[in-house]
Amino acid sequence: MRRRVEISAGLLAFRRRQELELLLAHPGGPFWAKKDDAAWTIPKGLAEAGADLLVTAQREFTEETNLAAGGAFIPLMPVKQKSGKLVHAWAFEADLDLGAFASNVFEMEWPPRSGRRQGFPEIDRIAYFTVPIAMTKIIAYQQPLLLELQSRIAEGG
């Protein structure tokens, strides 16, 4: 039985330095190559029907970053993409070693109509950003995730 709405699940890592910093991922591939502001995302992926969403989020995080997510996971309110896809997210505190970053690869025809297939990393880079910078970097529909986490941290959560 097919779901009416596609669902993705992802993780938002954060650390506390002088300011709260959030880990974002920049999508790989030619479409995103020259985009920066409003292009970054949380590591996430499509969830199979009936799958445990937190387990899916953890698996996608590791596949897309080569980093392990652990600790207490803070559920955030789901957000909706323009396509209608619902994105469930959890935050977790971690000062990750970004030097270990590596991403899985996807294939697509490139250049278009060339008949040649080329591999690209799903995520081409990751970085921690302070909240004001992260708000300009992240794709607009995911901004509520950052604001909710910031609010919960400020409240002592």
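View 1. A nonpolar core is a set of buried Ala, Val, Leu, Ile, Met, Phe, Trp, Tyr and Cys residues joined through side-chain atoms within 4.5 Å; buried means under 20% relative accessible area, exposed over 50% and partly exposed in between (1.4 Å probe, protein chains only). The model is predicted, so that local features need pLDDT of at least 70 and side-chain atom pairs count only at pLDDT 80 or more, while totals for chains, interfaces and linings use all residues. Residues are numbered from 1 along each chain as its sequence is written, and side-chain values use heavy atoms, with hydrogens and water left out. The largest core comprises 24 residues, and Leu12, Phe14, Leu22, Leu24, Leu76 and Leu149 have the most contacts inside it. At least two residues of this core come from each of strands S1 (7-16), S2 (20-27), S4 (74-80), S5 (86-93) and S8 (123-130) and helices H2 (131-137) and H3 (143-154). Helices (H or I, at least four residues) and strands (E, at least two) are DSSP runs numbered from the N terminus. H3 gives the most to this core, with 4 residues.

**View 2. Surroundings of Leu12.** Contact denotes heavy atoms within 4.5 Å. With neighbours within four places in sequence set aside, the contacts of Leu12 include Leu22, Leu23, Leu24, Ile42, Leu76, Trp90, Phe92 and Leu149. A second, separate core of 16 residues includes Ala13, Trp90, Ala94 and Leu96.

**View 3. The loop between S6 and S7.** Pro111 lies in the loop between strand S6 (105-109) and strand S7 (117-121). A cis peptide bond, with omega about -5°, joins Trp110 and Pro111. Arg113 is found in this loop between S6 and S7; its phi is near 60°, a positive value in a residue other than glycine. Arg113 counts as exposed, at 78% relative accessibility.

**View 4. Ala38.** The loop between S2 and strand S3 (44-46) holds Ala38. Phi of Ala38 is near 65°, a positive value in a residue other than glycine. With a relative accessible area of 42%, Ala38 is partly exposed.

**View 5. The lining of the largest pocket.** Of the 19 residues that line the largest pocket, Pro27, Trp32, Thr41, Lys44 and Glu122 lie nearest its centre. On a 1 Å grid over the protein atoms alone, with a 1.4 Å probe, a pocket is an open set of points with protein on both sides within 12 Å along at least five of seven lines, and lining residues have an atom within 4 Å of a point. S3 gives the most to this lining, with 3 residues.
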